[in-house]
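Please keep the sequence and the model in view while reading.

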Amino acid sequence: MSKAISHFRTITKHRHCVLRHCIKAGIPFQGLRHDLSKYSPTEFIPGAKYYAGTRSPNEVEREDKGYSAAWLHHKGRNRHHYEYWQDYNPKTKRMEPVEMPIKYVKEMFCDRVAASKIYQGKNYTEAHPLQYFQNAKSRILIHPNTAELLEILLIMLKEKGETETFKYLKKLK
């Protein structure tokens with residue numbers, strides 16, 4: 001099967017999983033719009049070219065070119081990525097994280113769980129999304145309140161499971 005077809009199947013499977021999660025989290029319209037930019041030529045063509053099946057094509061593109069043009073496009077258009085929520089602070093004259101609105105933190109949670117399920121396959125456990133976040137936490141530029149909420153949700157997933165976590169998410173405002 002061609003890499004383009006495999007990539008299409010993977011991103012579509014991921015979107016459908018995120019949609020199911022977003023419905024459970026009470027944000028169905030965000031689930032419908034989730035990651036539509038991945039079907040644009042700017043993201044889809046590199047995604048197909050660098051498709052690996054077990055990890056993000058953006059990682060492979062980054063290894064090849066030193067950056068990922070597809071990722072730069074993606075993060076600038078999708079508010080469920082904490083990288084979208086970074087802005088220039090006129091006081092410090094630096095890029096700094098901005099606290100994410102709750103509805104995008106919810107979508108980010110749904111996205112992370114779905115990505116773990118897709119990439120881990122039968123090896124997925126409800127502990128994996130937390131482990132992935134904790135491994136990266138010290139290296140990422142994310143607002144402390146956003147990081148704290150995401151970690152609380154990921155711990156809840158690990159300790160109480162999907163049913164309880166999505167019930168909590170649906171009530172979270």
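## A network of charges

Lys24, Lys117 and Glu162 are joined to one another in a network of salt bridges, where a salt bridge is a side-chain nitrogen of Lys or Arg within 4 Å of a carboxyl oxygen of Asp or Glu. By this rule, the count for the structure comes to 8 salt bridges.

The model is predicted, and for this reason local features need pLDDT of at least 70 and side-chain atom pairs count only at pLDDT 80 or more, while totals for chains, interfaces and linings use all residues. Residues are numbered from 1 along each chain as its sequence is written, and side-chain values use heavy atoms, with hydrogens and water left out.

## Where α1 meets α8

The axes of α1 and α8 come within 7 Å and cross at roughly 60 degrees, the axes being lines fitted to C-alpha atoms, for helices over the stretch in contact, with angles that run from 0 to 180 degrees between N-to-C directions. Helices are DSSP runs of H or I with at least four residues, numbered from the N terminus. That angle makes α1 oblique to α8, because angles under 35 degrees count as roughly parallel, those over 145 as roughly antiparallel, those from 65 to 115 as roughly perpendicular, and the rest as oblique.

On the α1 side the contact is made by His21, Ile23, Lys24 and Ala25, and on the α8 side by Glu162, Phe166, Leu169 and Lys170, contact meaning heavy atoms within 4.5 Å. These residues divide into 4 nonpolar, 1 polar and 3 charged; here Ala, Val, Leu, Ile, Met, Phe, Trp, Tyr, Cys and Pro count as nonpolar, Asp, Glu, Lys and Arg as charged, and the others, Gly among them, as polar.

## Where α1 meets α3

Helix α1 (residues 3-25) also packs with helix α3 (residues 41-49), at an angle of about 115 degrees and with their axes 8 Å apart. Lys3, Ala4, His7, Phe8 and Ile11 in α1 meet Glu43, Phe44, Gly47, Ala48 and Lys49 in α3, and the residues of this contact divide into 5 nonpolar, 2 polar and 3 charged.

## Salt bridges and exposure

Lys137 forms a salt bridge with Glu151, and the closest N and O atoms are 2.8 Å apart. Lys137 lies in the loop between α7 (128-136) and α8 (144-171), whereas Glu151 lies in helix α8, so the pair ties together parts that are 14 residues apart in sequence. Glu151 is buried, with a relative accessible area of 15%, and Lys137 is partly exposed at 34%; buried means under 20% relative accessible area, exposed means over 50%, and partly exposed lies in between, for a 1.4 Å probe and protein chains only.

Within helix α8, Lys167 and Glu164 lie 3 residues apart, about one turn of the helix, and they form a salt bridge whose closest N and O atoms are 3.5 Å apart. Lys167 is partly exposed at 43% relative accessibility, and Glu164 is partly exposed with a relative accessible area of 38%. Another salt bridge joins the side chains of Glu59 and Arg55 (3.4 Å, N to O); Glu59 counts as partly exposed at 31%, and Arg55 is partly exposed at 28%.

Is Asp64, at 51% relative accessibility, buried or exposed? Asp64, which is found in helix α4 (residues 57-65), counts as exposed. The C-alpha atoms of Asp64 and Ala48 are separated by 14 Å, and these two residues are 16 residues apart along the chain.

Notes. Helices (H or I, at least four residues) and strands (E, at least two) are DSSP runs, numbered from the N terminus.
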